[in-house]
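Student: I'm new to this one and would like to go through it piece by piece. Can we look at it together?

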Amino acid sequence: MRVIIEPDYEALSKWAANYVANRIIQANPTPEKPFVLGCPTGSSPLGLYRNLIDMCSAGKISFQNVITFNMDEYVKLPEDHPESYHSFMCNNFFNHIDIKPENVHILNGNAPDLIAECNQYEEAIAKAGGVDLFMGGIGPDGHLAFNEPGSSLSSRTRIKTLTTDTIHANSRFFDNDLSLVPKQALTVGIGTVMDAKEVLLVCSGHNKARALKHCIDGDISHKWTSSMLQMHPHAIVVCDEAACDELTVGTYKYYLDKERGNL
Ligand code: GLP
């Protein structure tokens, strides 16, 4: 695992966006061989998306030959609800870049058969040749996508019931009213993310310090599902200083020295 420690949110967002942009440029995608990008929602990736939008507007990068698969979507929240992940992605990313609408994939939480929807999503990812780079955030309880504590570390796309912790955390997007937060979501599994060629997580702020500690400095456990990334051959976590508050001094120093070339 590679861990990048940046001073603050702005710097980590820039680092992550540059990394993603370089990967797409290096892949030199074509309609026959597109680049497949996994996309998260939440507040963590907002800066990353903003930077990618700026690079696209400046003509430094194009998404014309990029296919995206989003990580998750709430169940039974209308697609046009302002807090649906469909709305989030259009408002914060897709409406501002040159991606082709037919190349965007987001799970349909209103599908008549949710299990079939999840299975078809896995098939669509496989048909696209697998995900080249899965971007992600981390929930305060260490979850990745909506793989809540206790999720199988080999799980695939499926319906997941949200934990009370997540309902509380996400209520900030629903007028702080717990009753308005959907109780279930469709989500890619940990196994789905692990199949990606690369995974890049962004993690910011003191309220993610415990999650980051368990993700990179703890044992692999289904209680902290992002810790499974320790088994991924090409995983990167980009974090800021505040998110490092619970790392051991040794871990913190090692990753800083490594990236600065002092080791
Ligand atoms: C939601 C999403 C996750 C995201 C998490 C953290 O639960 N399903 O993919 O990582 O929130 O969100 P935030 O970045 O807003 O803290």
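Student: Is Lys76 buried or exposed?
Tutor: This is a predicted model, so take the values as computed from it. Lys76 lies in the loop between β4 (72-74) and α3 (85-92). The cut-off for exposed is over 50% relative accessible area. Lys76 has a relative accessible area of 66%, so it counts as exposed.

Student: What is the phi of Lys76?
Tutor: Most residues other than glycine have a negative phi. Lys76 is not a glycine, yet its phi is positive, at about 65 degrees.

Student: Which loop holds Asn28, and is Asn28 buried or exposed?
Tutor: Asn28 sits in the loop between α1 and β2. Its phi is near 45 degrees, a positive value in a residue other than glycine. With a relative accessibility of 59%, Asn28 counts as exposed.

Student: How far apart in space are Leu180 and Leu77?
Tutor: Leu180 belongs to the loop between α5 (164-170) and β8 (184-187), and at 43% relative accessibility it counts as partly exposed. Leaving aside neighbours within four places in sequence, Leu180 is in contact with Phe174 and Asp175. In sequence, Leu180 and Leu77 are 103 residues apart. From C-alpha to C-alpha, the distance in space is 9.8 Å.

Student: Which residues does Glu122 touch, if we skip those up to four places away in sequence?
Tutor: Start with where Glu122 is: helix α4 (residues 114-127). Its relative accessible area is 17%, so Glu122 is buried. Not counting residues up to four places away in sequence, its contacts are Arg156, Thr157 and Thr192.

Student: At what angle do the axes of α1 and α2 cross?
Tutor: Two packed helices are described by the angle between their axes and the distance between the axes. Here the pair is α1 (residues 9-27) and α2 (residues 46-57), with axes that come within 8 Å. They cross at roughly 55 degrees. That makes α1 oblique to α2, and the crossing is right-handed.

Student: How many nonpolar residues are in the contact of α1 with α2?
Tutor: On the α1 side, the residues that meet α2 include Tyr9, Ala17 and Val20. Among their counterparts in α2 are Leu48, Leu52 and Met55. By class, the contact has three charged residues, four polar ones and, to give the count you asked for, nine nonpolar.

Student: Which strands stand at the edges of the sheet?
Tutor: Strands of a sheet pair through backbone hydrogen bonds, either parallel or antiparallel. In this open sheet of seven strands the pairing is parallel, and the order is β1-β10-β9-β6-β2-β3-β5. A strand at the edge has a single partner strand, so one side of it is left without a neighbour in the sheet. The strands in that position are β1 (2-6) and β5 (104-105).

Student: How many residues of β2 are buried?
Tutor: In a regular strand the side chains alternate between the two faces of the sheet. In β2, Phe35, Leu37 and Cys39 point one way, while Val36 and Gly38 point the other way, and all are buried. For β2 (residues 35-39) the count of buried residues is five of five.

Student: Which residue in β10 stands opposite Leu200?
Tutor: Let's take the partners of β9 in turn. β6 (residues 133-136) pairs with β9 (residues 198-203) in the parallel sense over four bridges; there, Phe134 stands opposite Val199, and Met135 has Leu200 as its bridge partner. β10 (residues 235-240) runs parallel to β9 and is joined to it by five bridges. In β10, the residue opposite Leu200 is Ile236.

Definitions and conventions:
Residues numbered from 1 in each chain as written. Predicted model: local features only at pLDDT ≥ 70, side-chain atom pairs only at ≥ 80, totals over all residues. Heavy atoms only, no water. Axes fitted to C-alpha atoms, helices over the stretch in contact; angles between N-to-C directions. Helix = DSSP H or I, 4+ residues; strand = E, 2+ residues; numbered from the N terminus. Parallel < 35°, antiparallel > 145°, perpendicular 65-115°, else oblique. Left-handed = near helix turned anticlockwise from the far one by under 90°. Contact = heavy atoms within 4.5 Å. Nonpolar A, V, L, I, M, F, W, Y, C, P; charged D, E, K, R; others polar. Buried < 20%, exposed > 50% of the residue type's maximum accessible area, 1.4 Å probe, protein only. Pairing = 2+ DSSP bridges.
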